[in-house]
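Reader: Could you take me through this model, beginning with the terms you rely on?

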Amino acid sequence: MRARRFAFVVLVSVALASCAPAAGTVRLLETGSTLLYPLMNLWVAAYQREHNDIEITTQGTGSGTGISQAISGVAQIGASDAYMPDAAMQEHPMLNIPLAISAQVIAYNLPGLSGAHLHLSGPLLAAIYGGRLEYWDDPRILAANAALRGRLPHHTIVAVRRSDGSGDTFIFTQYLSDTTPSWRSGPGFGTTVSWPASSTVGANGNPGVLQTCEDAPYSIGYIGISFMDQVNGAHLGYAALRNRSGAYVLPTVQAIAAAAAALVSATPRDERISLIDAPGAGSYPIINYEYAIVSAHQPTTQMKRALAAFLGWTISASGGQRPAFLDAVHFIALPASIARLSRDQVGRITSP
Amino acid sequence: MQRVGTQPLLRYATGAFALASFGLIFLMLLFLVVYAYPAIRFNGTAFFTSPIWNIGNQYGSATVTRAGFTAQAGASFGSLVFVSGTLLSSFLAMIVAVPLSLLVALAIVYRVPAALKPLANAVVELMAGVPSVVYGLWGMIVLVPFIGNRLSPTGNGDGLLAAAMILALMVVPIMVATTRDVVQAQQASIYEASMALGSTSWQAVTRAVLPSVRSGIAGSVLLAFGRALGETMAVLMVCGAAINTLPHGIFSPINTIAAVIVSQLESALTDASGMAQRSLGELALALFVITLIVNAVARIVLHGGDRSGAVG
Amino acid sequence: MKVRAVTRWTSHFWWAVSIAALGFIIAILLSIFAFVIVHGAPALRPALFTPVTSGVAGGLANAIAGTLLLVSIGLVIAGAVGIGTALWVVEYAPQWAARAVRYMIDVLAGVPSIVVGYFLYVALVEVLGWGFSLVAGALSLAIFVLPYVERSADIALTNVPRELREGSVAMGARQGVTMLSIDLPYAIPGILTGLLVAIGIGLGETAPLIYTAGWSNYLPTLAPTHSPVGYLTYVVWTYISQPFAASHALAYAAATLLMVFVFATNLVARSFVEYRFSGRGGR
């Protein structure tokens, strides 16, 4: 009896004693985007193996939290799927540094049709999520999918969305806004939006959306491309989306890279730009930069050096941009000129 | 209460702790009121009457000002969907959980053989120890598909029923533990006297023992109801996260105040005007007030506010 | 007096129903356990305990140490405040004050953990600038479990038989002495039950910790502030959302560990209670 209690006390003491930090270690905190989180974890684990004088804690808390805590100084790196809005930038000028390119797939559970890639567009998705298009065999869907005429069921569409604030919602609604005026003037876009009062179902996180789609036949949902393997594993189909040129494009590496390349020249020096609905016949329309939100003024030289070194590594071709990391989550490397812009921004981090 | 030779030190030390417990609520309440004040003014009565929750356009520069406070253009912070979802799911959960817990507690006290009692108690405490995220996961992967495939007409299982069932399971151990303890602590003589008068064992329990520990049980129901109202993670994972849509059936997606606070906090932080965050503060305040009302009502229903015997 | 057959059958029926109810919750618990263990099996290896969480998965050393630390400190705070409050309420307080304090404790029990967490996040993490920290995390747990500790201590102390207490006082003992030597020992099984429930709740809490303790991939430093702390529920909550099978296994493994912890503390404390207090206090 006594021995067991004693063992517990020892366990706690050992836990306490093992906590002594190594002297001279710089501690960085990365918090924010859950979309970037898996990649950040892979990066940090690899970076750590080469650099033992730095400890980087990673937290998946959501983009809004990432931005807010980078601003307040709680975190050194705020990860965000979205660049900061102008209003926030005026109040708190921060560096918005792209680290990689992500994309989104529109997945659906149509029994017997998972092999076929439906053709969908922004206005069609806006109608579905707006509650103005209720059945899979709606003429508007059939018009874009002549090949599937007769095979689409007369069944209600269960539209699945995220219940938590999410970069996935941000880029999905941005696609709807950019392609559909009524969506732009209605719900608009953001990490969370005021979904029209229809029977959309909210699910938590990408796995929640995946699970709900898998469980409920005739459902549709938007899922981060890092879950591509799971989408296939769950035998869900995914759509070819209509881009700005009117072509229906699947979320392939080439199509995402083409979309990113199309907007390289348009990317400003501060790199705050939407990559949604890029021009070019081969461009996939729902892609985005994954940002590190960083304060340009770090409190100590040590901190500044460590931060710049790590961020510099993540965007270097021989470091974080290697396929070994990016392929695991189906992300795309930054085009060379964007990596250069990001490196310039990293160079702007100062210390007293 | 005797005051014979009270030791001042012990008295003041414990008194200080009591004051801390007492004051904590006011500290949080005050904090929330001050924090949410701009939202209270900005939202006005629409907060209670509107089902629309919209943090406005984050990426536009337009703003809207009401009562001297500014939010993003298009902002509307109505709590109706969340308040109704909170109350409905918790009530439904209690309807299931109260009888279930009473039955389980009675079985443990009167029917489980002494040798197996520790095992039964362990089951209860283990159930209380299952983290709410685990209940949520189990709900998402086991319960929701069951409801979706077997019960729900639309094939979607996320919603009121799933949330209420998960809540019921989560509060059962709390109620069982307290009910078991108060029934056990009650002198066996009550039970035996009733039996001696010719009651069956069930009558002895329901007509003699249970009434004598009514306030203790009521107290545990209150605790459980409080826990259900405020449960966050598990509900979040199975409720269907309704927004702008009022609950309209047992399978309809709902949302609760606590779930909204945790799921919308992150987005609210992107609102440069800060009004979304403060409106979440107002939601928290609303939940606070609901708990106060629930407590007050329950107290009136029982013994006109008396917690005599102080069991409950 | 003879009980009518129908009445007796009714009695049998309801007892059968109550046994069935017990069977039902046991079945649910087994279902949850099986669910978690089956999914966590790939990660349930000895290597789980030594390394820290890193990359796709790694170990749980940081989360285990952090959880134990947070819950221990939180429980010490809640235990001191809760039991102290209960003693005052039962032994010293005038009736109106006792009623007021108990009422507030009831209200506190209804405050959702996320509200407590958010309050402490704004107050400690941001306004006081402590950052994600051990103190903020432990405090949020302490506040959340306080009502459970106070209430069970309150009930246990109130149920101390009058004769015992009055006997002691009649023999000339001062109230403080009676309180510490008669009431408290008698009430310990009840108080411990409350602390057990508190441990269970504390171990499983997620929402308030995300915004107070934060999360750390490293073993906790002992610094009270400015240093985030890892904990097991974070792993469950966050790693389940990763696109890797290894991460999911880690999440379920963390869930399994949490339940095993609750089970272990239970066994230890329960056998302790039964050993020291067998034949007393109705247990």
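Author: Buried means under 20% relative accessible area, exposed over 50% and partly exposed in between, with a 1.4 Å probe and protein chains only. Helices (H or I, at least four residues) and strands (E, at least two) are DSSP runs numbered from the N terminus. This is a predicted model, in which local features need pLDDT of at least 70 and side-chain atom pairs count only at pLDDT 80 or more, while totals for chains, interfaces and linings use all residues. Residues are numbered from 1 along each chain as its sequence is written, chains are lettered from A and ligands numbered from 1 in the order in which they are written, and side-chain values use heavy atoms, with hydrogens and water left out.

Reader: Which residues are buried in H3(A)?

Author: They are A:Ser63, A:Gly64, A:Thr65, A:Gly66, A:Ile67, A:Ser68, A:Gln69 and A:Ala70. That is 8 of the 10 residues of this helix, which spans 63-72 and is mostly covered.

Reader: What do the buried residues of H3(A) pack against?

Author: Within chain A, they pack against strands E1 (26-32), E3 (77-80) and E12 (287-294). Helix H11 (257-268) of chain B and helix H4 (113-127) of chain C also pack against them. Contact here means heavy atoms within 4.5 Å.

Reader: And what comes just after H3(A)?

Author: A:Gly73, which takes a positive phi of about 90°.

Reader: How many residues are in contact between chain A and chain C?

Author: 39 residues of chain A are in contact with 36 residues of chain C. The area buried between these two chains is about 3100 Å², and carbon and sulfur atoms give 64% of it. Buried area is the accessible area (1.4 Å probe) that two parts lose on being put together, summed over both.

Reader: How many salt bridges are there between chain A and chain C?

Author: The count is 0, a salt bridge being a side-chain nitrogen of Lys or Arg within 4 Å of a carboxyl oxygen of Asp or Glu.

Reader: Changing topic, how is chain C built?

Author: Chain C has 10 helices and 2 strands, in the order α-β-β-α-α-α-α-α-α-α-α-α from the N terminus on. Of its 283 residues, 65% are buried. Its C-alpha atoms fill a box of roughly 70 × 55 × 35 Å along the principal axes.

Reader: Why does B:Phe22 count as partly exposed?

Author: Because its relative accessibility is 23%. B:Phe22 lies in helix H1 (residues 8-43) of chain B and touches C:Ala100, C:Val101 and C:Met104, not counting residues up to four places away in sequence.
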